[in-house]
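Visitor: I'd like to learn how to read strands and helices off a model like this one. Could you walk me through it?

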Amino acid sequence: VRNPLGGRSLAILGYHKIGEPPPGGWQTWFYVPEEIFVGHLSYLRDHGWQVIDLLALFRGITVPESLPERVVLLTFDDGYRSMRTVALPWLLRFGCPAVLFVPTDYIGGFNGFDAGYEPEEPICDWDDLRELERSGVSIQSHGASHRSFSKLGLPEQEEELARSKTILEAGLEKPVEAFAYPYGDGGTEPRSTGRAMERAGYQAACLYKGGPNPLPIAEPYHLTRLAMGPDTDLRVALKG
């Protein structure tokens, strides 16, 4: 049977931090300089890539032909405050929606889960998250404690899924139905984890790394993302 989607795919870009490290910090691969980020947004606009929102993704999972020909979802992990101060003005200027995955234990605090590997950075507080949500950035779950799923048994995974969802839904007064695995770690039993996601009320979950997702989406709880760093060649990553 011929695939009516003709080899089309959905590209999900995975960012962490836009802009410079804090004073006293140091440069790591997870900082994408502002001008490079703007270059990525310009590339997408100039080459006919349509940036979709989360609702369009959910619809595309069940009705793949609803997605445009060249389609991208912009995602950001961890909830660094630079999301509001640096990334958001550019997203608004380009008219791009996005998704921000936040570990709820760290809201309004710092990135303790990265201690020793990344500079200490403030994480968005509730005011930041509400402002982002109002501005077209959908706030979604990155777990509660930012622990790797491979180190958690199924009951602990279920607790992370439920607790983070409950906290975000209460704080933002809206449904939370997408998840990004901390460290891109989908756990040792992906099938069981996927079923737990479904039971908890999630419609999709993102890994980290990998290429575009072929349509139709076969595994909505194991969506691959293009890992975005300062040296990522977007044209090559998107295969045109």
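Visitor: How many bridges pair strand 6 with strand 7, and in which sense, parallel or antiparallel?

Guide: This is a predicted model, by the way. Strand 6 (98-102) pairs with strand 7 in the parallel sense, over 5 bridges. Val99 stands opposite Ser138 in strand 7.

Visitor: Which strand does Thr75's bridge partner, Val99, belong to?

Guide: Val99 sits in strand 6. Strand 5 (residues 71-77) runs parallel to strand 6, joined by 3 bridges. Between them the chain passes through helix 3 (residues 82-94), again as a right-handed β-α-β crossover.

Visitor: Which residues of strand 6 lie on each side, and are they buried or exposed?

Guide: In a regular strand, side chains alternate between the two faces of the sheet. Here Ala98, Leu100 and Val102 take one side, Val99 and Phe101 the other, and all are buried.

Visitor: Now helix 5. Where do its buried residues fall, seen down the axis?

Guide: An α-helix has 3.6 residues a turn, so residues three or four places apart point the same way. The buried set in helix 5 includes Gln157, Glu160, Leu161, Ser164, Lys165 and Leu168. Those buried residues fall within an arc of 145°, so they line one face of the helix. Among the elements covering them are strand 6, helix 4 and helix 6 (190-200). Pro155, Thr166 and Ala170 are exposed on the face turned away.

Visitor: What comes just after helix 5?

Guide: Glu173, with a positive phi of about 55°.

Definitions and conventions
Residues are numbered from 1 along each chain as its sequence is written. This is a predicted model: local features need pLDDT of at least 70, side-chain atom pairs count only at pLDDT 80 or more; totals for chains, interfaces and linings use all residues. Side-chain values use heavy atoms; hydrogens and water are left out. Buried means under 20% relative accessible area, exposed over 50%, partly exposed in between (1.4 Å probe, protein chains only). Helices (H or I, at least four residues) and strands (E, at least two) are DSSP runs, numbered from the N terminus. The arc is that of the directions from the helix axis to the C-beta atoms. Contact means heavy atoms within 4.5 Å. Two strands pair if DSSP finds at least two bridges between them. A crossover is right-handed if, with the strands pointing away from the viewer, the path from the first strand over the helix to the second runs clockwise.
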